[in-house]
Amino acid sequence: MLNRTIPALLAANFGHMAPIFVTSAVVLAAGCTIDNGIKGQTDEPPGFDSGDSYVPPIETGDTSVVDSEDSQTDLPSCLDRNFPAKSIPQLEECFSEGTTVGTFTPEVLWDTETFSTNSSSVSCMMQPIVCSLTDDNGDGQFDDDDTPDVMIITYSPGVLRAMNGDDGTELWSATGGGAIQITGGAACGDIDNDGIAEVIAATSNGVDVFDNEGNEKWSWSGGSGHMDGTSDAPGIADMDHDGNPEVLIGNCILDNTGGKIGCGSNGYGTSSNVGSGAFAVDINQDGELDLVAGNAIYDINGTAIWYNGESDLYPAVGNFDSDDFGEIVVTGDAKIRVQDDDGTVLCNAAIPAASGSYGGPPTVADFDGDGMAEIGVAANSTYTVFESDCSVLWQYTGTTDPSSGNTGSSVFDFEGDGIADVVYADERWVWVFNGADGSVKMQDTTHSNNTWLEYPTIADINNDGSADIAVCNTPGSWGSRNGVTVFSDHDLSWRKGRPIWNQHGYSITNVNDDGSIPRDQDTNWLTYNNFRSGDLTPGVGYSGPDLIAKIEDICVDECSQGNVTVWVTVGNQGYTDVTDPFKIEVIGETDTGEVILKSVDWTVGLVMGHQSDSLSIELTGVPTPLYNIRVAVDGGNSESLSEISECYETNNEDNWGGIVCL
């Protein structure tokens, strides 16, 4: 703890701006907490002046001062400094009066059916993926401020293609070693931590990995027997929380350079038809991510945590009971089954009007707005929504998919009216159903496909603040379309979607908006309780806090003695006062990596629109060399470590940006 007074907290009487001084012994009154329901956003807000331009630490060189008797008195070399409290701008993004309910007037935004390279390869039978591969605004970052890009695989041969989200113009195409699955899937995400997403394409027995310009980085071909070989879709997750994401295909786990870590020996998430869609979650809340199959889950080494001996079907996850553990729902082969986190079968049922191998990957969402998750599945020429006890909520029987019969679906609340919309594409039409009762909201013929495991993707593809729908096309019995079609709302009134939908086994928390992969992935079902779905949270008004930190200065006069003084201010750019305590951590970069040099408890709150007096943090026993110092408040930029719900969770750190002690 500090050995001096905690900086002033500005009074809420903004007219007089009178400071109230409180000591570190002050604690918050019982019951004074924030519960504004705001989920921290992952996109970057307008920047706070964080001192990114490196300024050398001060060296006072003055260890004495003349007193009133003209005599000299020795003082510590790091003279005390003060950076006074002040008002700071508030972010408009942290306040909203509410969301206007939109209309539903879909139209084609763009479609791309021909390509300049490998021009004979035009048919697409996969779920499009969306992320940013280009620095469109020229700020040196590849993130959600740029226009997203759309990736598909066309055939034959199998060609991975990237297109600009604005208008569908082709950015590049790649074939790798020539073994890309012609009806396989893809995933995107920053797997090597360079700030730019890679694109991963399934091959007949593994994966090919490409950079953001379509250059092959590496490939792996050891997946035979651990994946289907047709319509497989890769996934990405940081299973061991080391900051280096793993690549998943079937029941195999690879490191981010293509080295095999392990493969499972039971299911890999498929039916007796085709395909798989790998993903990892912490199903039993033990802190470790598990690779999920239909009849087993595996640790990072491919060792089965459990295998229940049931048939292997297409999986999804959600929370269908009162505990915090996840349940696994599997569909395929004309049936549905819900399994507990230990593999125990909770319920099973036949899918009405389905037969044989029919039944595609399930979608989990609150379809009817009752606060509980339901399960949607397409099979044959039907779409059915089941309750969590495997009973039928509703079924629509007018779709057309009599051949493969195992496509997937996605869910979103386009109008912001609190009602889920189900998006499904069969061989002939693109459908949107009312999630509560199955009534038809859209039946569009700008589509044809022979169908395998694909489903429509929902994202703000052209970065205009309104969600879009992307579907792939192939010529067949019901039409002759190729390539990809993107639908938008004529009135641009649909709710804003994320700028990313990065894999077949998608959930909101498995990827950040900028394409980075969370080191500590939040449990999606504890916040959203959906899978293959966008955010269905009703659009209501809110106001929230937004903590920031700034290193004002550093004194290094006593580096040789292992002492450093850091002056730090904390601010609140939001529209709600912070009343809960939080931690301020000073983190140093040393020869052995980053270490926490000191942790300070901030207990006096922070008024909205204000920055505190500077806090003098004295570090002792500092290791040398000390290459850099950064300060993190409330868990830093990791949303999973945050204790205070903010409108932005990614601006809670400041980096000094230069050598401190040698």
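The model is predicted.

**Salt bridges**

Side chains of opposite charge can pair when their charged atoms come close. A search of the whole structure finds 14 salt bridges. Three of them are listed here.

| Pair | Closest N and O atoms |
|---|---|
| D553 and R81 | 2.2 Å |
| K217 and D192 | 2.5 Å |
| D413 and R495 | 3.5 Å |

In the salt bridge between D553 and R81, D553 belongs to strand β42, while R81 sits in the loop between β4 (72-74) and β5 (86-87), so the pair ties together parts that are 472 residues apart in sequence. D553 has a relative accessible area of 8% and is therefore buried, since buried means under 20%. R81 has a relative accessible area of 31% and is partly exposed.

K217 and D192 form another salt bridge. K217 lies in strand β15 (residues 216-220) and D192 in the loop between β12 (186-189) and β13 (198-203), so this pair links parts that are 25 residues apart in sequence. Both partners are partly exposed: K217 has a relative accessibility of 39%, and D192 has 29%.

D413 is in the loop between β34 (410-412) and β35 (421-425), and R495 is in the loop between β40 (484-489) and α1 (524-527), so the pair ties together parts that are 82 residues apart in sequence. D413 is buried, with a relative accessible area of 0%. R495 also counts as buried, at 16% relative accessibility.

**Other acidic residues**

D136, D166, D167 and D464 form a negative surface patch. One of these residues, D167, is found in the loop between β10 (159-164) and β11 (170-174). D167 has a relative accessible area of 42%, which makes it partly exposed.

Is D546 buried or exposed? D546 is buried, with 0% relative accessibility. This residue lies in the loop between β41 (542-543) and β42 (547-555). Leaving aside neighbours within four places in sequence, D546 is in contact with L91, C94, G571, N572, Q573, G574, E646, C647, Y648 and N651.

**Backbone geometry**

Most residues other than glycine have a negative phi, and most peptide bonds are trans. The residues below depart from one or the other of these patterns.

The peptide bond from S156 to P157 is cis, with omega near 0 degrees. P157 is placed in the loop between β9 (149-154) and β10. T624 and P625 are likewise joined by a cis peptide bond, with omega about -5 degrees. P625 is located in the loop between β47 (615-619) and β48 (628-633).

Which residue in the loop between β27 (327-332) and β28 (335-339) is described here? That residue is A334. A334 is not a glycine, yet its phi is positive, near 65 degrees. At 12% relative accessibility, A334 counts as buried.

T451 is not a glycine either, and its phi is positive at about 65 degrees. T451 lies in the loop between β37 (440-444) and β38 (457-459). With a relative accessible area of 1%, T451 is buried.

Technical notes: Residues numbered from 1 in each chain as written. Predicted model: local features only at pLDDT ≥ 70, side-chain atom pairs only at ≥ 80, totals over all residues. Heavy atoms only, no water. Helix = DSSP H or I, 4+ residues; strand = E, 2+ residues; numbered from the N terminus. Buried < 20%, exposed > 50% of the residue type's maximum accessible area, 1.4 Å probe, protein only. Contact = heavy atoms within 4.5 Å. Patch = residues over 30% accessible without salt bridge, like charges linked within 9 Å, V, L, I, M, F, W, Y side chains within 5 Å. Areas by Shrake-Rupley, 256 points an atom, 1.4 Å probe, with all protein chains shown as cover. Salt bridge = Lys/Arg side-chain N within 4 Å of Asp/Glu carboxyl O. Lys, Arg positive; Asp, Glu negative; His and termini not counted. Charge placed at Lys NZ, Arg CZ, Asp CG, Glu CD.
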